[in-house]
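Me: I would like to learn how to read a few features of a protein model. Please take them one at a time.

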Amino acid sequence: MLSLVVERSYKKPTGSTTGNHIFHPSTMRTTILAFLIPIASGTAIYAQDAVRMMPHLRDALEPLSAAHGPAPAPDKLEAPGNAKASVVQLGRMQNAYSMQRAANHQVSYVPELNTVVFVRRQNAADHGDLGGASLRFDHSTDGGATWQLGTLLTPNAFSGAIPNSNGLRHPNGFLYNPPGNTDPQNAYVVAQAPNVHAVPVNQFNDLMHASARMDGTDAHDEYVELWNDQYETAWVHGLQMAGNGHAWSIATSIDYTSSVNSRRFFKINKGTWNDAINRMDWTVAAELIDDFTTYESEDSTYTLNLNWSVSFSPDGQTGYAVVIGGVDNGPPMNVYPIVWRSTDAGVNWEQLPIQDLSQEQVFVDNLFPANGSGSVRPFFDNTSITVDAQGRLHLFAEVLSGFHSSPDSAQWIFASIESQVLAHAVLEGIDAWTVELVSPVVNETWEPFGEGALAQGVQPQICRTADGSKVFMAWNATLDLSTNEVPDVLAVAYDVNTGM
């Protein structure tokens with residue numbers, strides 16, 4: 001078994017050739033993970049050393065099934081050392097499409113209301129077998145001590161009023177507190193998610209906007225087309241509220257007629273609260289386009305983009321959009337941050353120079369040198385971003401070792417656990433990056449159908465305080481096992497003003 005702590009599983013194919021151990025794609029057996037994805041598969045070269053990342057397979061859709069019950073929760077999780085977190089079981093979701101992408105924002109806390117919300121898919125079996133993959137939210141008005149579960153966000157989806165819908169995937173959500181409000185019940189939960197059509201079977205289609213007052217009134221969901229008939233909306237990320245009263249998110253497209261156009265185009269969405277109807281008015285603020293790197297697989301061409309997100313400073317003036325991928329004639333890295341910036345509250349966006357991070361000491365010291373060059377080729381994978389009070393971009397990423405120096409092999413990585421790290425990168429100005437090691441990756445595999453039903457990937461997440469003075473990075477790790485079977489939540493805090 002070749003495996004990575006990046007939410008994907010591999011099996012060594014049969015029928016390998018002798019000598020160089022190169023395997024043909026037709027002999028590769030793919031293990032599709034029904035609950036916990038993304039996944040990837042492909043050929044394997046020097047099977048004990050490298051695997052091929054296939055971004056186009058990372059988020060395969062599957063039909064809804066009555067067998068997709070919620071994973072069991074433990075009575076108690078023990079944290080290492082003296083620190084212990086209390087555990088409260090929240091509402092149940094149909095499967096891990098609710099929260100398996102690192103760039104999704106689903107937990108929101110408003111300090112002045114001491115209120116936390118968590119936006120998720122519902123488990124239909126808990127609601128009379130109705131509603132499919134509708135969205136609900138769980139909330140606490142006492143800082144997380146007690147919770148009210150399962151308030152409906154999407155009444156149209158729940159009632160079946162959306163034609164041909166097979167439910168919502170990968171939700172984002174946050175708590176919006178109207179100016180001057182001090183009553184949690186007068187705050188609103190705002191959400192976005194891609195809608196999936198049942199015909200053709202389980203294909204992304206349009207973008208869903210939703211909102212509801214905390215008590216469930218004023219609940220509303222609507223569905224919009226971001227692209228023309230050729231492209232469909234998929235994987236919206238980074239939904240958040242900026243300090244100047246605007247909400248932001250970024251979505252990409254999928255093209256079922258031409259694989260090369262999937263994950264190739266991005267639109268930044270801007271939301272403005274409408275007091276007259278108590279919901280967000282959404283517009284497209286910008287579209288991001290570049291000569292993104294492509295690769296060939298099984299007679300098709302795909303775009304090598306893995307992640308994307310958007311984030312704004314506390315005052316809402318400085319924003320960044322980041323695509324984790326590659327561009328033609330880019331630096332000698334395999335997959336890396338491609339950054340756009342706005343300094344006028346999202347009105348105008350400029351693409352910043354792409355920096356070669358392969359010489360950063362953190363990567364030189366901790367990654368494997370790529371075959372064919374002797375230098376490391378950082379491969380940024382799961383990534384989360386935020387912006388601090390000084391208008392600096394913070395990026396928390398799982399960084400792997402690119403296997404070969406050739407741009408034609410950009411999707412190949414070393415499989416060894418020793419070749420992966422969690423890194424914190426800060427961008428000041430247009431090109432001044434500082435990169436620090438946060439933690440090694442300590443778990444080799446995860447087995448969602450094994451005895452440890454809670455197993456998951458590293459899931460790097462970054463966020464900040466409302467004023468942007470503190471940044472927090474959290475991830476999953478099982479410290480006493482080789483596999484990430486019973487993960488603890490680990491975290492570090494960073495003081496923006498002191499650098500500590």
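Me: Which side chain does a polar contact of 3.5 Å join to that of Ser358?
Reply: First, a caution: this is a predicted model. The partner at 3.5 Å is the side chain of Gln359. The side chains of Ser358 and Asp356 are also joined by a polar contact, in this case of 2.6 Å.

Me: Where does Ser358 lie?
Reply: Ser358 belongs to the loop that runs between strand E22 (350-351) and helix H2 (361-366).

Me: Is Ser358 buried or exposed?
Reply: The cut-off for buried is under 20% relative accessible area. Ser358 has 1% relative accessibility, so it counts as buried. Leaving out residues up to four places away in sequence, Ser358 touches Pro332, Met333, Val364, Val376, Arg377 and Pro378.

Me: How do I read a residue placed in a strand, such as Asp206 in E11?
Reply: Take the element, then the accessibility, then the contacts. Asp206 is found in strand E11, residues 203-213. Its relative accessibility is 9%, and therefore Asp206 counts as buried. With neighbours within four places in sequence set aside, the residues in contact with Asp206 are Ala193, Pro194, Asn195, His197, Tyr223, Val224, Glu225 and Thr233.

Me: What separates the C-alpha atoms of Asp206 and Ser165?
Reply: The separation is 9.9 Å, for two residues 41 residues apart along the chain.

Me: Next, the sheets. What is the strand order in the open sheet that contains E23?
Reply: The order is E23-E24-E26-E27; this open sheet has four strands, with antiparallel pairing. Strand E23 (378-387) and strand E27 (432-440) are the edge strands, each pairing on one side only. On average, neighbouring strands of this sheet are turned by 25° against each other, direction ignored.

Me: How many bridges join E23 to E24?
Reply: Eight bridges join E23 to strand E24 (residues 393-401), and the two run antiparallel. Leu395 in E24 is the bridge partner of Ile385, and Phe396 in E24 stands opposite Ser384. The hairpin of E23 and E24 has five residues between the strands, and in this hairpin Gly391 takes a positive phi near 75°.

Me: Why is E23 described as largely enclosed by the rest of the structure?
Reply: Ten of the ten residues of E23 are buried, so the strand is largely enclosed in that way.

Me: What is the order of strands in the open sheet that contains E13?
Reply: That open sheet of four strands runs E13-E14-E15-E16, with antiparallel pairing. Its edge strands, each pairing on one side only, are strand E13 (232-241) and strand E16 (279-288). From one strand to the next the twist averages 25°. Strand E15 (residues 266-274) pairs with E16 in the antiparallel sense over nine bridges.

Me: Which residues have the most contacts inside the largest nonpolar core?
Reply: They are Phe363, Phe380 and Leu395, in a core of 59 residues. For Phe380, the residues touched include Leu306, Ile324, Val335, Phe363 and Leu395, not counting residues up to four places away in sequence. A second, separate core has 20 residues, among them Leu113, Val117, Leu153 and Leu168.

Me: Last, the rings. How many aromatic pairs does the structure hold?
Reply: The structure holds 16 aromatic pairs. A pair of aromatic rings is described by the distance of the centres and the angle of the planes. Tyr231 and Phe265 form a tilted pair, with 5.4 Å centre to centre and 40° between the planes. This pair links distant parts of the chain, 34 residues apart: Tyr231 is in the loop between strand E12 (220-224) and E13, and Phe265 is in the loop between strand E14 (246-254) and E15. Both Tyr231 and Phe265 are buried.

Me: Why is the pair of Phe312 and Trp349 edge-to-face?
Reply: The planes of Phe312 and Trp349 are at 90°, with ring centres 5.8 Å apart, so the pair is edge-to-face. This pair also links distant parts of the chain: Phe312 is in strand E19 (residues 307-312), and Trp349, 37 residues apart from it, is in the loop between strand E21 (336-342) and E22. Phe312 and Trp349 are buried.

Me: Which residues do ring pairs link into a cluster?
Reply: The cluster consists of Phe204, Trp235, Phe266, Phe292, Trp308 and Trp340.

Methods. Residues numbered from 1 in each chain as written. Predicted model: local features only at pLDDT ≥ 70, side-chain atom pairs only at ≥ 80, totals over all residues. Heavy atoms only, no water. Core = buried A, V, L, I, M, F, W, Y, C linked by side-chain atoms within 4.5 Å. Buried < 20%, exposed > 50% of the residue type's maximum accessible area, 1.4 Å probe, protein only. Contact = heavy atoms within 4.5 Å. Pairing = 2+ DSSP bridges. Axes fitted to C-alpha atoms, helices over the stretch in contact; angles between N-to-C directions. Polar contact = N/O pair within 3.5 Å; in protein donor to acceptor, adjacent residues only side chain to side chain. Phe/Tyr/Trp six-rings, centres within 6.5 Å; stacked < 30°, edge-to-face > 60°.
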